[in-house]
Amino acid sequence: MHGRIRTWGPGALVLLPTVLLLGYFVYGLIAWSFNTSLTDRHTARRGPADYVGFENYVNLFGEDRFLNSLKNLGVLTVAFIVGTLIFGLLWALLLEKGVTGEGIFRSIFLFPMAISMIASGVVWSWLLNPSQGDEARGLNRLFSIVGLNFLENAWWTAGSRWTTMLSIALPAIWQLSGYIMALFLAGFRGIPPELREAARVDGASEFKLYRHVLFPQLSPIALSALIILGHMSLKLFDLIYAITGPNQFRTEVPAIYMWNTLLSNDQAKAAGIAIVLLAVVAVLVIPYVAYTVRQESNE
Amino acid sequence: MTAAEAEAATGRAAAAIRQKPRRGAIADGTTRTSRTVKYLLLLFFLLFVLTPVYVVLITSFKTSSDTTAAAQWSLPETWTLEPWRKAWDVLQPYMIRSLSLAIPAAIISSMIGSANGFVLARWRFPGANVVFAFILFGMFIPYQAVMLPLRTTFNELDVTRGVPTLIIAHVIYGLPICTLIFRNYYATIVPNEIIESARVDGAGLVQTYVRIILPISISGFVVTLIWQFTSVWNDFLFALFLTQQQNGPVTLGLAALSGGQKVDYAASMAGALITSFPTLLVYILLGRWFIGGLMAGALKG
């Protein structure tokens, strides 16, 4: 027993500071936030607060503004995930067999990842200018220059939730498709060439080759991509803040609503929104982390 | 650093990206028409990705009289550096703060991440997997869920608002990803046998780490340093919650420069370029290691 501790002990000791820090700053503070969300701390004042149970959550789910932010988030997440997966997969398909200048295409498709969402938000708020017709600006102006006037629209100031949130998804898709391309490209390149050759010898068409041989090999990567994009979309904050400002009901999502609530000093409600957001992310991420860690330990 | 080591650094997956298929494989099933279509599509998407770049560049050199609706997509009538000067005057102090925050935060979290990663990959103890999952989860949380009490904690500990608070926050919340990158890195490049034989020779953890692991960690450090530097530099959420204009980083400065009712787009665009310059430079010079970090972000290196 003593000998075992001598071999394990130092390793555990190395990890101890990290475990303690994350124990407090991740798990401890989440517990603290949750605790606040159960109280009536609706002002900036300090000192004791009374517990009100789940009243804040009941109020949130009975409130139009919060439900609106959840619906916005749902539409945004669907649009963003579908769009980014399609673009990323398409770019990877176009590049995976090797084309002249591949390195340049790859670098350019991936470069938006290096930019802050605040910086890209500055440009996209210019591009997504809602003015139309003679006064059209941004993308609308470009559409009229190239004769695609029918594409002109009010972007995120439009009436419908789908148009509004698609306008927010567009810059996010622009920023992250390259990442998904890189993931899929790595996946394609990791498939042994013998698999393709065997399928071709068997007379499989290109379509069948991808459908039945290559795509099934990519499903673990597609799952990773889905989880990454999902949790990014649920947390999306900077981009919306930079493009529309934080005070737009049309583009408000829970992450933004939490900030706005905090500005009005309602700490209990802000904590409640944050915990709901965390719960949504956790439903997505916990099974994935557990699955990955278990699978790796089996290797 | 050898080329082979550099390859290993970016992880198996990232290295695989660059492995172009053999010539023979390209010809199969590819006609001239489909190749033309392929290039046309690639060019179209290239234009899509580069459109914002064109907009930033031309707008940042325009005078205010030059930014009418009709002239939005044309080159500047008269080229001016005025927007750049204006943006730089505003952003300069923020740039200095961001540098003095991103560099130490990246270095500290990489160092801790390296030690953690080594233990989790090659000096395992019972329950190491549970600890790994415990650490990893911290990477995915929406930070709004900790922001309020984090602010209170910093106030109570009397940490100076601004660069010091942000360094601490970024180091702590950067630990999961740095640990993950190094764990995958060591699991890929360090054979178990080396560690075993070192143990047989009586080398302890510290000796093994310093003599065997550290000398081959350079590329792992390049990946995590780049990753952390980029994400700290680009962070807005922590900056917004924990700092103010007079002590905040560059994303806060840019948001202030480009916010408000009447936006000076020429200066905002110049500001977007100025604030993106350090991370773009890193991306252009060290792109392959940047991809290594991205791949690690997908958990399975």
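Chain B divides into domain 1 (3–22 + 84–297) and domain 2 (31–80), with bounds that come from an automatic or database domain assignment. The model is predicted: local features need pLDDT of at least 70 and side-chain atom pairs count only at pLDDT 80 or more, while totals for chains, interfaces and linings use all residues. Residues are numbered from 1 along each chain as its sequence is written, and chains are lettered from A, with ligands numbered from 1, in the order in which they are written.

The centres of domain 1 and domain 2 of chain B, taken over C-alpha atoms, are 32 Å apart. Their contact involves 7 residues from domain 1 of chain B and 6 residues from domain 2 of chain B; two residues are in contact if their C-beta atoms, placed from the backbone, lie within 7 Å. On the domain 1 side, helix α14 (residues 265–297) of chain B gives the most, with 6 residues. That side has 7 nonpolar, no polar and no charged residues (Ala, Val, Leu, Ile, Met, Phe, Trp, Tyr, Cys and Pro count as nonpolar, Asp, Glu, Lys and Arg as charged, and the others, Gly among them, as polar).

Turning to the fold, chain B holds 14 helices and 0 strands; helices (H or I, at least four residues) and strands (E, at least two) are DSSP runs, numbered from the N terminus. Of the 301 residues in chain B, 49% are buried, a term for residues with 20 or more other C-beta atoms within 10 Å of their own, C-beta atoms being placed from the backbone. Among contacts in chain B with a separation of 6 or more, 82% join residues 24 or more positions apart.

The largest nonpolar core has 177 residues, where such a core is a set of buried Ala, Val, Leu, Ile, Met, Phe, Trp, Tyr and Cys residues joined through C-beta atoms within 7 Å. Helix α7 (residues 161–190) of chain A gives the most to this core, with 18 residues. Both domain 1 and domain 2 of chain B give residues to the core, so it lies between them. Leu76(A), Ala169(A) and Phe184(A) have the most contacts inside the core. Leaving aside residues up to four places away in sequence, Phe184(A) touches Gly88(A), Leu89(A), Ala92(A), Leu218(A) and Ile221(A).

An unreviewed UniProt entry places the feature "transmembrane region" at several spans of chain B, including residues 39–58 and 265–286; such annotations may be inferred rather than shown by experiment. Residues 39–58 of chain B are 100% helix and 0% strand, with end C-alpha atoms 27 Å apart. Residues 265–286 of chain B are also 100% helix and 0% strand, and their end C-alpha atoms lie 31 Å apart.

How values were computed: A residue is buried if 20 or more other C-beta atoms lie within 10 Å of its own, exposed if 12 or fewer, and partly exposed in between; C-beta atoms are placed from the backbone.
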